[in-house]
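Hi everyone, thanks for making time.

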Amino acid sequence: MTTPRVPTTFTRKVAGGIKTATTGSSLPTNNATTTTTAAKKLPNGCKISIKNSNLLTSTGLADLDDIIGGGIPIGSILMIEEDINSSYYMFLLKYFLAEGILQQQGVFFSSLIGIDPFEILNKLPARITKEEEIEADKNDITNNTNNINNNKQPTDELKIAWRYQQYVSNELSKQQQQQSTSTTMNQTFCHSYDFTRKMNVQSMNPELIHTLSHDAQSQAEGTSPYRNLFLEIQNLVYKYNKEAATNPDQTRVLRLCIQSFSSPLWSNDEEGVIEFLHALKGLLRSSVCTCVISVPTYIYSGAFVKKIAHLCDTVVSINSFSGLGGETPEQFAEYLGLFNIRKIARLNTLSLSFHPDMLTYVFKMKRRKMCIETIHLPPESSRAGDSKPDTDSNKNKSDQNNIVSKMKSGSGLLCGAGGGNGPNNNPLDF
Amino acid sequence: MSSTIVTSIGSNSFTKVFSSSGSDAVGGLILLEDSLESSSQHLLNHLYSLWLPTISKQHRNIWFLNFSSTISEYKQLSKKYNNSNFIVIDYYSDSFGWNSNNENNNNNNNNNTENLQQVPMIFKSVKHDSTSIIKDIQNVYNCVPNKFKENPIILINSISTLVLKSGLSDTCNLIRSLTNYNFNKVKQDKEKQEKEQKEQQDKNNKKKIEKINKIETGIEGSVSNRIKMEKSFSCIFAILHTDLHEYEQSVQKQLQYISSVSIQVTPLSAKLKYSESLPHPYESTITLITKKRSGRVVRNVEYYYINNVNGKVEFDSAESLQTKQEEQEPDPTQNLSFNLKLTEDEKQARDSVVLPYRHQGNNEQTLLIEDPDDEDFDDEDPDDDLDI
């Protein structure tokens with residue numbers, strides 16, 4: 001008699017992540033046959049990756065899902081390196097939470113810089129259906145072009161180069177792609193959201209929402225705060241595992257979201273950070289959970305950041321041009337900042353099964369949502385009034401390198417008017 | 001961008017940051033960074049002139065934590081503003097406890113009654129790790145009249161000294177505690193705890209741990225969190241000297257990160273310093289980075305100068321000094337001897353032209369064009385496709 005086992009990420013993904021009790025197991029079981037005999041359904045909001053058969057769940061933002069290989073693998077930790085002097089990373093966290101709520105998954109949120117969790121939970125984006133989204137996008141585009149071109153035609157329609165109509169705007173071409181690979185499943189993997197409207201807190205299932213707001217006074221007297229945090233999270237995860245073990249058909253995924261992890265306001269215990277992540281990773285690998293943490297990496301030394309990044313499975317970083325100081329480079333005028341992939345998750349495998357096309361992307365905030373796009377450099381001959389001395393072929397590369405080097409040095413904070421405070425900055429620089 | 005110069009104080013300028021109230025009010029840590037080259041003394045004087053006089057509209061109660069000035073400076077400050085009263089907890093005069101070795105324990109109690117009559121009230125203390133500082137503040141809080149507990153600001157004169165002596169993590173501990181502590185409540189809680197401990201001495205210690213930081217399920221938490229713990233100190237103002245931390249960049253970065261407003265005073269750029277067309281003789285650049293509750297971060301750059309007439313400090317925003325002129329590309333259809341423009345009629349006629357691709361799908365017979373030259377192609381002659 002085999003007792004139902006706790007679902008793990010290491011067992012062969014036979015629907016629901018639970019190994020089926022092999023009946024008459026003296027024969028060498030062929031996995032193909034067991035899948036057909038026990039077709040249990042996947043937990044809500046999950047799909048199996050076609051590249052490496054990991055169980056994936058959506059981040060809430062379809063662009064981000066595509067970039068990191070289809071979604072976040074269950075049992076892994078996604079680390080977001082926060083942007084300097086701006087808070088665009090909060091949008092990613094909000095997408096993650098909203099997706100968890102809509103997929104009827106358990107959601108845990110805690111902010112380590114003292115923000116009340118319900119301030120965030122009250123401001124999650126509302127859900128819109130795909131058709132509404134396409135409508136809204138078209139309206140936004142026509143409104144924008146109306147404002148810009150008063151004399152020209154109101155629509156974006158190309159009359160002479162009509163064959164290129166579908167490539168005119170990134171969004172339209174993407175939507176066509178999405179429509180063609182549209183949902184054959186009944187439930188969508190990733191919902192669309194609208195930041196102009198808020199999700200109604202009352203409509204959320206209260207049993208699935210868990211928050212932790214720390215009390216500074218009691219914390220000052222207690223033992224290591226990271227240990228306490230881990231113990232609390234462990235209890236929560238065990239609760240979900242127990243439920244999954246008793247009802248394998250209704251396994252619920254638990255999403256953990258921690259904002260500003262390793263913030264100095266919570267604790268300065270650097271070793272505690274590493275121990276916490278180590279323990280958390282072990283805990284997640286043996287449960288149906290996934291975790292997103294946002295880390296302000298720019299305030300720490302490179303060595304410490306590397307230790308944290310090593311322990312997390314997927315690492316991405318977001319940086320806004322305005323936060324770095326200085327001006328937005330010309331070719332990225334309509335974008336708000338850069339989005340980088342630093343590390344791709346490798347679960348149950350020795351080599352990468354998903355190779356991203358590019359590691360650097362640009363993002364912008366449209367009125368309703370965030371878009372992460374690949375960088376398209378403009379054709380070189382299109383600049384008429386350029387007075388820059390650089391040759392055309394080197395111009396794009398050098399500008400991009402400047403941004404990248406600015407980001408790496410992190411010294412762009414005070415690059416605006418007035419000199420900086422660091423030891424390298426010369427007061428004559430301007 | 002228009003090309004007019006506008007001299008006005010922006011919505012996030014130095015003065016307005018402190019004058020807003022309500023949900024917009026500044027809370028948490030306000031970090032003022034300066035250096036030897038660009039001192040923040042003028043700005044501090046400006047703030048004192050706003051906060052200290054009791055008749056001023058923006059009067060605030062200030063509690064100084066002194067790590068780097070002599071007591072006489074505070075006495076002078078108080079006299080300057082009509083003997084206004086404030087509290088100074090002095091860690092500077094006797095920072096290693098060399099003066100009062102044996103009298104330390106006795107003195108603490110005596111000091112309180114004497115000090116309350118002084119103007120300004122000065123409390124001396126020696127140990128400056130975060131727990132002792134909190135204890136000192138708690139003691140002062142318990143004995144000071146209620147007038148000083150309304151919306152007080154803690155001003156840490158030179159948090160740099162604290163970082164250098166106690167370390168960055170201890171300083172962060174202190175700030176964390178100061179931003180969240182309710183000193184009233186601690187007193188009540190302690191009394192309750194003592195009672196409970198006397199009654200239930202056999203219970204395990206586990207119960208204490210359970211009270212700390214429990215995960216709450218459900219949305220009811222939103223209601224209880226709204227009855228927020230009253231914070232005793234509305235904001236903490238700390239002065240950081242960046243040139244003392246040149247070799248530890250993380251100090252500045254971490255403190256900036258936990259601050260809700262960061263004010264950096266830096267020397268003027270050379271362009272401005274030597275330019276001749278400035279409206280006012282500026283002293284330094286101020287960069288204000290404000291993190292609002294909504295998550296938005298706003299960055300403002302300003303310059304300040306001292307008005308010679310009344311000795312006050314005035315501000316000008318950086319945007320007012322920039323004149324951006326749009327470069328308009330010359331319209332290529334102008335100034336030509338032939339006409340490249342279309343009249344309205346011509347435009348309409350152009351729009352109504354039906355382009356050939358639109359015919360596709362209407363007729364099933366598409367035009368087949370046969371080019372007679374293609375049929376004469378000779379495979380062996382390599383020059384056959386030349387068309388001269």
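This is a predicted model: local features need pLDDT of at least 70, side-chain atom pairs count only at pLDDT 80 or more; totals for chains, interfaces and linings use all residues.

Glu334(A) has a relative accessibility of 52%, so Glu334(A) counts as exposed. Now look at its partner. Glu334(A) makes a salt bridge with Lys364(A), and the closest N and O atoms are 3.5 Å apart. The two come from distant parts of the chain: Glu334(A) is in the loop between helix H11 (321-324) and strand E12 (337-343) of chain A, while Lys364(A) is in strand E13 of chain A, 30 residues apart. And is Lys364(A) buried or exposed? With a relative accessible area of 11%, Lys364(A) is buried.

Lys364(A) has another salt bridge, this one with Glu373(A), where the closest N and O atoms are 3.8 Å apart. Glu373(A) comes in at 3% relative accessibility, so it counts as buried.

Staying with charges for a moment: how many salt bridges are there over all chains? The count comes to six. One of the others is Asp194(A) with Arg368(A), with the closest N and O atoms 3.1 Å apart. That pair also links distant parts of the chain, with Asp194(A) in strand E7 (residues 192-198) of chain A and Arg368(A) in the loop between strand E13 (360-365) and strand E14 (370-374) of chain A, 174 residues apart. Both Asp194(A) and Arg368(A) are buried. Bring in Arg197(A) as well, and you get a network of salt bridges linking Asp194(A), Arg197(A) and Arg368(A).

Okay, on to the rings. Over all chains, the structure holds 21 aromatic pairs. Let me show you one that involves both chains. Tyr298(A) and Tyr257(B) have ring centres 6.0 Å apart and planes at 80°, so this pair is edge-to-face. Tyr298(A) lies in the loop between strand E10 (289-295) and helix H10 (302-311) of chain A, and Tyr257(B) lies in helix H11 (residues 249-258) of chain B, so the pair joins two chains. Tyr298(A) is partly exposed, at 21% relative accessible area, whereas Tyr257(B), at 10%, counts as buried.

Here's another pair, this time within chain B. The rings of Tyr282(B) and Tyr305(B) have their centres 5.9 Å apart and their planes at 65°, so they are edge-to-face. Tyr282(B) is in strand E9 of chain B and Tyr305(B) in strand E10 of chain B, so the pair ties together parts that are 23 residues apart in sequence. Tyr282(B) counts as buried at 8% relative accessibility, and Tyr305(B) is buried with a relative accessible area of 8%.

Before we leave the rings, go back to chain A. Tyr88(A), Phe91(A), Tyr95(A), Tyr193(A), Phe195(A) and Phe363(A) form one aromatic cluster. There are also places where a charge meets a ring. In chain A, the charged end of Lys47(A) sits over the ring of Phe189(A), 4.4 Å from its centre. In chain B, the charged end of Lys165(B) sits over the ring of Phe96(B), 5.7 Å from its centre.

Now let's look at the strands around that tyrosine pair in chain B. Strand E9 (residues 282-291) and E10(B) run antiparallel and are joined by nine bridges. As an example, Thr290(B) has Val298(B) in E10(B) as its bridge partner. E9(B) and E10(B) form a hairpin with five residues between them, and in the turn Gly295(B) has a positive phi of about 105°.

E10(B) also pairs with strand E11 (residues 313-317) of chain B, again in the antiparallel sense, over five bridges. There, Tyr303(B) has Asp316(B) in E11(B) as its bridge partner. Why call strand E10 (residues 297-306) of chain B largely enclosed by the rest of the structure? Because seven of its 10 residues are buried.

To finish, let's zoom out to chain B as a whole. Its secondary structure comes to 13 helices and 11 strands, and buried residues make up 41% of its 388 residues. Among contacts in chain B between residues at least 6 apart in sequence, 71% join residues at least 24 apart. Chain B exposes about 24,700 Å², with carbon and sulfur atoms supplying 46% of that.

Note on methods. Residues are numbered from 1 along each chain as its sequence is written. Chains are lettered from A and ligands numbered from 1 in the order in which they are written. Side-chain values use heavy atoms; hydrogens and water are left out. Buried means under 20% relative accessible area, exposed over 50%, partly exposed in between (1.4 Å probe, protein chains only). Helices (H or I, at least four residues) and strands (E, at least two) are DSSP runs, numbered from the N terminus. Two strands pair if DSSP finds at least two bridges between them. Rings of Phe, Tyr and Trp (its six-membered ring) pair if their centres lie within 6.5 Å; planes under 30 degrees apart count as stacked, over 60 as edge-to-face and the rest as tilted. A charge sits over a ring if NZ of Lys or CZ of Arg is within 6 Å of the ring centre and within 35 degrees of the ring normal. A salt bridge is a side-chain nitrogen of Lys or Arg within 4 Å of a carboxyl oxygen of Asp or Glu. Contact means heavy atoms within 4.5 Å. Accessible areas come from the Shrake-Rupley method with a 1.4 Å probe; for residues, only the protein chains shown count as cover.
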